[in-house]
Structures are given as structure tokens and as C-alpha cells.
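I hope they are handy while you have the viewer open.

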Amino acid sequence: VDRGEGSAEGAEMPFLSVHLRRKDFISFHPDDYGTTKEVATALSRATAEHNLGLVVLATDGDPGEVAELRSELAALRPEVTVVQFRAPPASAFGGTALSPSEVAVVDQILASRGKVFIGSKHSWFSYVIHFERRVRGYPASADFDLSKAAVMPHVLM
């Protein structure tokens, strides 16, 4: 059921949700994805433009890349915090851990609820989040693709 633009449930959730593909996407689409510093610049611009102090990140990037992104963003906007969903240990569920697919579902739900969403160009996962946001009533103007073009000021301003 499409609720119509402007009727988003949870629109008051004050965070920037980001789906950042790395790994194979960087090799398959080298002209579309920026460096970690360029991504941090785009996130800095988006959080400033939309007055957000929290970034909820869904990524396949390795921990080193995530740490570098946090560091680069902190240098630009120290008041912004970057968080990721981390599955609780198996002991929290009676010995059963969440599968990677279940973790992805949680990431998708979180990403679909941000005030603004930045997804990865060419990504089916990002496309599904964009679609979910339309169904929930978020305006298309609150969604962006994170590609090299996204580091240009006119894209996020």
C-alpha cells in the first residue's frame, strides 16, 4: 500500500541512513564509487544540509574501511556519530546466531527509516530500500545514490 509522498511513518527519525557497497562493487564499477575520503565528504555535506548528527551505516566494507570512514567524517564534522547494526552473540538467542541474511534484513529496515537515505548506485539492496521508502511515504527527494557524482555539491544540496 503506497501511503503517498509526505506521509512517511517515522519521518521524525533524525538520522541519515547509508548503504555503502564496497568490495566487488569498487572493482566492477571503478568509475562510480569514490574513495573513503570522498564518501566522508558526501556524508558530511548531507548531515549538514539536513541537520543530522547520526549516520546509520549498512556496508560490506571491512572494519578498516569503516574505521577510516568514521575518522574522515569526524575530521569534517566531529559532532556526527556513525553506527552500524551488530548482531548480538549467539548466546543471546539460546545458542542460535543471526544469519547474514537476517542481519541484512535488519540493515534494510533501519536504512528504510532514516530521514534521508543515501544508497549505492547499481545495488539491488539500495533499490529495495528506495522502494520501501516510497511505500512508506518518504519523498523521492530524500533519497540519493552514493556515486562519484554524489560528492559534487549540487547533488546533496
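1. Trp124 belongs to helix H5, which covers residues 124-136; helices (H or I, at least four residues) and strands (E, at least two) are DSSP runs, numbered from the N terminus. Trp124 counts as exposed because its relative accessibility is 63%, where exposed means over 50% relative accessible area, buried under 20%, and partly exposed in between (1.4 Å probe, protein chains only). Together with Tyr127 and Phe131, Trp124 makes a nonpolar surface patch of about 420 Å². Such patches take residues with over 30% relative accessible area and no salt bridge, joining nonpolar side chains (Val, Leu, Ile, Met, Phe, Trp, Tyr) within 5 Å and like charges within 9 Å. The areas come from the Shrake-Rupley method with a 1.4 Å probe, and for residues only the protein chains shown count as cover.

2. A word on ground rules before going further. Please keep in mind that this is a predicted model, in which local features need pLDDT of at least 70 and side-chain atom pairs count only at pLDDT 80 or more, while totals for chains, interfaces and linings use all residues. Residues are numbered from 1 along each chain as its sequence is written, and side-chain values use heavy atoms, with hydrogens and water left out.

3. Now to the strands. Strand E1 (residues 16-20) is largely enclosed by the rest of the structure, because five of its five residues are buried. In a regular strand the side chains alternate between the two faces of the sheet. Here Leu16, Val18 and Leu20 point one way from E1, Ser17 and His19 point the other way, and all are buried.

4. Which strands does E1 pair with? One is strand E2 (residues 54-59), joined to E1 in the parallel sense over five bridges; another is strand E4 (residues 116-120), also parallel, over three bridges. Pairing here requires that DSSP finds at least two bridges between the strands. On the E2 side, His19 stands opposite Ala58 and Leu20 has Thr59 as its bridge partner.

5. E2 itself is largely enclosed by the rest of the structure, since five of its six residues are buried. Three bridges also join E2 to strand E3 (residues 81-83), and the two run parallel. Within that pairing, Leu54 stands opposite Thr81.

6. Ser112 is worth a click. This residue lies in helix H4 (residues 100-113), and its 2% relative accessibility is why Ser112 counts as buried. Leaving aside neighbours within four places in sequence, Ser112 is in contact (heavy atoms within 4.5 Å) with Ile129, Glu132, Arg133, Arg136 and Tyr138.

7. How many salt bridges does the structure hold? There are two, a salt bridge being a side-chain nitrogen of Lys or Arg within 4 Å of a carboxyl oxygen of Asp or Glu. In one, Arg136 meets Glu132, the closest N and O atoms being 2.8 Å apart. These residues are separated by about one helical turn because they are four residues apart in helix H5. Arg136 is buried at 11% relative accessible area, whereas Glu132 is partly exposed at 25%.

8. The side chains of Glu79 and Arg77 also meet in a salt bridge, at 2.6 Å from N to O. Glu79 counts as partly exposed at 48% relative accessibility, while Arg77 counts as buried at 12%.

9. Ser123 sits in the loop between E4 and H5 and is buried, with 7% relative accessibility. A polar atom of its side chain lies 3.3 Å from the backbone nitrogen of Phe125. Further on, His130 is found in H5 and is buried at 16%. His130 and Gly119 are eleven residues apart in sequence, and their C-alpha atoms are 8.0 Å apart in space.

Technical notes:
A polar contact is a pair of N or O atoms within 3.5 Å; within protein, one must be able to donate a hydrogen and the other to accept it, and residues adjacent in sequence count only if both atoms are side-chain atoms.
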